[in-house]
Amino acid sequence: MQWTLQYEETWLHRLNPAFKLIFFLSLFLILLFVHNPNVISNLTLVPLLLVLFATGHRRKVIVLLLIPFLILFFSSASSMMFFGQGTTTWWKWGIIHITEESFFRGLHIGFRALNFALLGLLFALTTRPVFLFYSLIQQLKVPPRFAYSFMAAVRILPVMVEEFQQLRAALLIRGVKKKKGLQRVTQSIMLYAVPLLSQSIRRAHRIAVAMEAKQFNNKERTYYYKQTYSKVDIYFVLYIMAGFGLAYWVGHTFPYFGITDVRN
Amino acid sequence: MKRLKLSDILITIVVALVFGIIYKIWGPVYNIFKPFGLHIGDVIYGMWFIAGTVAVLLLRKPGVALLAETAAASGEFLVGSEYGLSVLLYGIVQGLGTELLFALFGYKRYTAFVAALGGIAAAVGSLVMDVAYGYVMDLALWNLLLLVGARLLGGFLIAGILAYYLVEALEKTGVTSLVRPASDKDYKALDQ
């Protein structure tokens, strides 16, 4: 959770959060229609540069967060590479059948997953959840009871972490032994999941009652934080558009791979 | 149909966020389980549908499954999921799957059987997303069938059966009386 991390605020933090969310989701949809592996590998650089240099977080943190992405790349790409359909066989061993088509399709899926992951990380690292929820209410007209429920729920999470540690300590003192195998699953559900969930349901119910007692309702309300659009939003769109344009141009003029469409 | 009250929404989102954290932890677990693309690990994929069924079994109201699954996905996303933005869209589609299935039963039946179908419906939702996202239709047929089979089985086992028993265990603690709408049976009990 990023509010526990130290970081400097950059221009990316000043983007309108709701706009950022909608814009990123439309990028996601656009990426689904990119079928050229040359283009998508170039496109990966667009969010990567921002993640590396513009989030205001410490380099160490960024590198640490990027490590799982390598595993993600491989695990997304592997099944399509090994077991995809294709005609030009490169390598066959038992059930593994790597063809030129399936290899590049796998590579493409890997890059696509990387793109989504980087965009997601960029969003998570540069957006304060509270501002996002205020912005959802103010710009996208999300009903306040949904947004405020979210903010309240986020605040409950640290309490639950504390409760979890307390539970663990209590069970340790009472000498509860860990069971093995499948019984371990049922045991941890009964010992951890049930008490944690039931307590937080009770807490959530109490909070809702308290909020309504304090006249939280659907009528007109005023806000402590005001979210607006600014020039930064335009700069961001320009950066993405330039990046995407360049990626397309380079991908088409200087292709690295022979395949330009990974679909059959 | 009853509109969701503030307490319904708040409870749904709190439960969903707890699962959101589990969803985040599940990412690396899943990636370790599926190293060579054989999709056996997809049985545990079912964990990613559990918020929807648990919430709707708990609160027994329309709209809860979709809200819970979307909220869990947003929670996973905000904590910094390595799947990034895709989890949001997957969450919405999976939640829709569960929601539609419970709607099909008129939000009247909350048995283990319906819960299991709800889990499977979410799995179908995730597969629909996979067709667009991962070109899964271009996998060799046996591999595709393995993926579909493992995914559905995971939805059935984890999001269906496990979710049902989790909620049953929660019922014993008495919290469900806080959240469920009063049934006809309750009103009849008052008449006596």
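How many residues does α4(A) have, and how far does α4(A) reach from its first C-alpha to its last? I opened the notebook with that one, keeping in mind that this is a predicted model.

**Entry 1: a helix in chain A**

I counted 25 residues in α4(A) and got a reach of 37 Å between its first and last C-alpha. That is close to the 36 Å expected at 1.5 Å a residue. I then followed the axis along the helix and found a kink of about 35 degrees, centred on A77(A).

**Entry 2: the closed spaces**

Next I went looking for empty space. Rolling a probe the size of a water molecule over the atoms shows where such space is left.

Which residues lie nearest the centre of the largest cavity? I noted Y45(B), Y83(B), Y90(B), D130(B) and Y133(B), out of 31 residues that line it. Both chains contribute to this lining: α4 (59-83) and α5 (100-126) of chain A each supply at least two residues. I sorted the lining by type and wrote down 16 nonpolar, 9 polar and 6 charged residues.

**Entry 3: D130(B) again**

D130(B) had come up at the largest cavity, and I wanted to know what its side chain pairs with. Side chains of opposite charge can pair when their charged atoms come close. I found D130(B) in a salt bridge with R151(B), at 2.8 Å from N to O. D130(B) sits in helix α5 of chain B and R151(B) in helix α6 of chain B, so the bridge ties together parts that are 21 residues apart in sequence.

Are D130(B) and R151(B) buried or exposed? D130(B) has a relative accessible area of 8%, so it counts as buried. R151(B) is at 2%, and therefore buried as well. I also saw that D42(B) joins D130(B) and R151(B) in a network of salt bridges.

**Entry 4: the other salt bridges**

How many salt bridges does the whole structure hold over all chains? My search gave 6. One of them pairs K61(B) with D8(B), whose closest N and O atoms are 2.7 Å apart. This pair links distant parts of the chain, 53 residues apart: K61(B) is in the loop between α2 (50-59) and α3 of chain B, while D8(B) is in helix α1 of chain B. I checked accessibility here too: K61(B) is buried at 5%, and D8(B) is buried at 2%.

I also logged a salt bridge between E171(B) and R180(B), at 2.7 Å from N to O. E171(B) has a relative accessibility of 30%, so I put it down as partly exposed.

**Entry 5: the open space**

Last stop was the largest pocket, which holds about 1300 Å³ of space. I listed 33 lining residues, and the closest to the pocket's centre are F164(A), S188(A), Y192(A), A193(A) and I22(B). The elements giving two or more residues to this lining are α7 (144-173) and α8 (182-213) of chain A, with α1 and α6 of chain B.

Which element gives the largest share of the pocket lining? I found α8(A) there, with 10 residues. By type, the lining of the largest pocket divides into 27 nonpolar, 2 polar and 4 charged residues.

Definitions and conventions
Residues are numbered from 1 along each chain as its sequence is written. Chains are lettered from A and ligands numbered from 1 in the order in which they are written. This is a predicted model: local features need pLDDT of at least 70, side-chain atom pairs count only at pLDDT 80 or more; totals for chains, interfaces and linings use all residues. Side-chain values use heavy atoms; hydrogens and water are left out. On a 1 Å grid over the protein atoms alone, a cavity is a set of points where a 1.4 Å probe fits but cannot get out, and a pocket is an open set with protein on both sides within 12 Å along at least five of seven lines; lining residues have an atom within 4 Å of a point. Helices (H or I, at least four residues) and strands (E, at least two) are DSSP runs, numbered from the N terminus. Ala, Val, Leu, Ile, Met, Phe, Trp, Tyr, Cys and Pro count as nonpolar, Asp, Glu, Lys and Arg as charged, and the others, Gly among them, as polar. A salt bridge is a side-chain nitrogen of Lys or Arg within 4 Å of a carboxyl oxygen of Asp or Glu. Buried means under 20% relative accessible area, exposed over 50%, partly exposed in between (1.4 Å probe, protein chains only). Grid points are joined across faces, edges and corners, and a volume is the space filled by probe spheres set on the points. The expected span of a helix is 1.5 Å times one less than its number of residues. The bend at a residue is the angle between axes fitted to the seven residues ending there and the seven starting there.
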